[in-house]
Amino acid sequence: MNDGIGGAGAAEQRLSIDAGGRTEFGAGLVTAIPEFVAQAGDQRALVVTDAGLLAVGIVDRVTAALTRAGMEHLVHADIGANPSTDEVDRGAEVARSFGRAAVVAVGGGSPLDAAKAISLLAGNPGATAAGIGGEADPAAGWPLIAVPTTSGTGAETNGFGVIEDACARRKVYIGHSSVRPRVAVLDPELTIGLPAHVTAATGIDALVHGVESLASRGANVVSAAYAARAVTVLGHWLPAVHRDGRDLEARAQVMLGAHLAGRALTISGLGLVHGIGHALTAHTGTPHGVALAAVLDRVLEFNAPAAAAAFEETARALRVAPSDVDWTGAALAAVREIGGTLGVARPLRALGATADLLPRIAESAVADPVTGNNPRAVTVADVLAILRSVF
């Protein structure tokens, strides 16, 4: 295996890596959120979350800390499982009415992604979610603190949100460097009590981030280092946390692994698993991790001829060795075993897809920007064949 990227040695490359915001990790760290808000230059906070987290009391832990610090705050919980441009526009109006504040995003990928878009729109009066993507140089958004409550999306590592355009039935990307989280607050205690099926779906998302980052056309030595370590950690600890969701050590390790995978994807980009996953979610409403799991195995098989070096790295990261020289086979078998343990994969018909919908899903997947990073060139016919194989 060539230790370089894409066949080039390190001496032939030029790298520019912006590591981004600060990461704070530790059990119970949620109590320090007021300090991070103040460090961002604000004494007021807009908490963006969803109704589920509000109902189970996780948001109360954040607001209690803000109250103890005497920090004025408002909770906005109008965020769905697949946040839409309409939801983002409503959130931006709430933010503008509340007035200048730091945005504290609490939740999984959906609230974190929505909060980035809300923060950007709040800093651009009159802008809408549908129009902000066309702005050549939007004004800076409000400062953002990210508090993930799941381990998978890596949304706390970057400044873009994946938002659903319900009219066009596609995912759009809304973001700007100014809304990359100033601080990512990784408190594994916030993931205790997460249902096993959610742990599995978000965990498979994180694992796919690592595997796709290793194979992405945008990979380099830095993203590969993040991704390989993420795959090692997740490969070991995901089955453990799925067995016992109250194991704080397992929760902590998976949270760190997911964060490293997020760092990797922010540098490298992803690939076809996510391209199809985004399209499936947009057309059927399937939760993101479940959508990825449905096609993961087939996409890896499709990519194998163009990703031998990346799959060898994957196998080595998962600490598996082939009985012969078939590193690709070893990697695929190891990923299948983890996926089987988590039990997330479902046939597309069980996810609400119909046979006549598959061509539209395939077209959306090929048009998704992440698909351009796939190690093997992709056509609509290729994706349609993959979809039909798991229908």
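Begin by selecting Glu312 and Arg316, which form a salt bridge with their closest N and O atoms 2.8 Å apart; a salt bridge here is a side-chain nitrogen of Lys or Arg within 4 Å of a carboxyl oxygen of Asp or Glu. This is a predicted model, in which local features need pLDDT of at least 70 and side-chain atom pairs count only at pLDDT 80 or more, while totals for chains, interfaces and linings use all residues. Residues are numbered from 1 along each chain as its sequence is written, and side-chain values use heavy atoms, leaving out hydrogens and water.

Both residues lie in helix α12 (residues 308–317), four residues apart, and are therefore separated by about one helical turn; helices are DSSP runs of H or I with at least four residues, numbered from the N terminus. Glu312 is buried at 11% relative accessibility, whereas Arg316 is partly exposed at 46% (buried means under 20% relative accessible area, exposed over 50%, partly exposed in between, with a 1.4 Å probe and protein chains only).

Next, select Asp297 and Arg336, whose side chains meet in a salt bridge at 2.5 Å, N to O. This pair links distant parts of the chain, with Asp297 in helix α11 (residues 288–303) and Arg336 in helix α13 (residues 327–342), 39 residues apart. Asp297 is partly exposed at 23%, and Arg336 is partly exposed at 36%.

Finally, stay in helix α11 and select Arg298 and Glu301, which are three residues apart and form a salt bridge with their closest N and O atoms 3.9 Å apart.

Definitions and conventions
Helix = DSSP H or I, 4+ residues; strand = E, 2+ residues; numbered from the N terminus.
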